[in-house]
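Let's walk through this structure together, one feature at a time. Keep the 3D view open as you read.

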Amino acid sequence: MTQNTKESNIMPQTIISAQNLTQKIQLAQKQLTIFENLNFDIQEGEQVAITGRSGSGKSTLLGILATLDQASSGKLVVCGESIAELNEEQRAEVRLKHIGFVFQSFQLLPHLTALENVMLPLRLQEKFKYAEAEQKALNLLKRVGLERQAQQTPKVLSGGEQQRVAIARALIREPKIIFADEPTGNLDGETATEIEQLLFELNRELGTTLVLVTHDPKLAAQCQRHYALIDGQLVEQFAAKPTAAITGG
């Protein structure tokens, strides 16, 4: 058997697995179901988009998959950890080790430089070494095209530049998964396209799983898999095939 044949037989590893994932909230005397009995897997290195109308629950789902929130019921395994069995401190450890975030509003600290913002997640490590962290942050800023802006604060950076800083910050701990919530929602069309291309390039280069929520069907169509959250169910979108509900059957 040749090396190429062996490599082609390697099965992709599941990095996120949801079983009967359900989220309900209590509003006054009424219980509202956001989504119910979702079953799906996401593989290492995949690009997955989640779309849906405003208020459909797509950001809620992203927050649960990213361990920021807990589902009402069901099983969620992220990077080999059964999330429902963990306390908040343990879930925070999962996020610290394995997860990076890119937000629509960038979430940069205004009093820090671009370099300092990118370095920030490394300061949470027990053994923080400034020189190593600085060099790693500089390398990432160079990769996202912002080496010259390293000492500038967010207020003098454009929206696209701020999002590039946020992407570099998300990657500095070498996470297994990047969760992006409307990553181009605050950007103009040309800048949004540049950020989209950068996210996909980094996904391919680093093998990092990319899970994004977007209202942009063109961005979703660029991902390897695209789900729409419709009436509490995930419906996989296919280019030339009928849709199939991803539910608990």
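In this predicted model, the largest pocket has a volume of about 420 Å³. Lining it are 16 residues, and those closest to its centre are L96, I99, F101, P121 and L124. If you colour the lining by residue class, you will find eleven nonpolar, two polar and three charged residues. Which elements supply at least two residues each to this lining? They are helix 3 (88–98), strand 6 (99–103) and helix 6 (159–171). Strand 6 gives the largest share, with four residues.

Next, have a look at the aromatic rings, of which the structure holds four pairs. One of them joins F40 and Y227 in a tilted arrangement, with 6.3 Å centre to centre and 45° between the planes. Because F40 belongs to strand 2 and Y227 to strand 9 (residues 225–230), this pair ties together parts that are 187 residues apart in sequence. Are these two residues buried or exposed? F40 is buried, and Y227 is buried as well.

Another pair brings us back to F101, one of the residues closest to the pocket centre. F101 and F179 are stacked, at 6.4 Å centre to centre with 25° between the planes. Here too the pair links distant parts of the chain, since F101 sits in strand 6 and F179 in strand 7 (residues 177–181), 78 residues apart. Both F101 and F179 are buried.

Four strands make up an open sheet in the order 2-1-4-5, with antiparallel pairing. Strand 2 (30–43) and strand 5 (81–82) stand at the edges with a single partner strand each, so one side of each has no neighbour in the sheet. At the strand 5 end, two bridges join strand 5 to strand 4 (residues 73–78), and these strands run antiparallel. Within this stretch, V78 stands opposite E81 in strand 5.

Finally, how many disulfides are there? The count is zero.

Methods. Residues are numbered from 1 along each chain as its sequence is written. This is a predicted model: local features need pLDDT of at least 70, side-chain atom pairs count only at pLDDT 80 or more; totals for chains, interfaces and linings use all residues. Side-chain values use heavy atoms; hydrogens and water are left out. Two strands pair if DSSP finds at least two bridges between them. A disulfide is a pair of cysteine sulfur atoms within 2.5 Å. On a 1 Å grid over the protein atoms alone, a cavity is a set of points where a 1.4 Å probe fits but cannot get out, and a pocket is an open set with protein on both sides within 12 Å along at least five of seven lines; lining residues have an atom within 4 Å of a point. Grid points are joined across faces, edges and corners, and a volume is the space filled by probe spheres set on the points. Ala, Val, Leu, Ile, Met, Phe, Trp, Tyr, Cys and Pro count as nonpolar, Asp, Glu, Lys and Arg as charged, and the others, Gly among them, as polar. Rings of Phe, Tyr and Trp (its six-membered ring) pair if their centres lie within 6.5 Å; planes under 30 degrees apart count as stacked, over 60 as edge-to-face and the rest as tilted. Buried means under 20% relative accessible area, exposed over 50%, partly exposed in between (1.4 Å probe, protein chains only).
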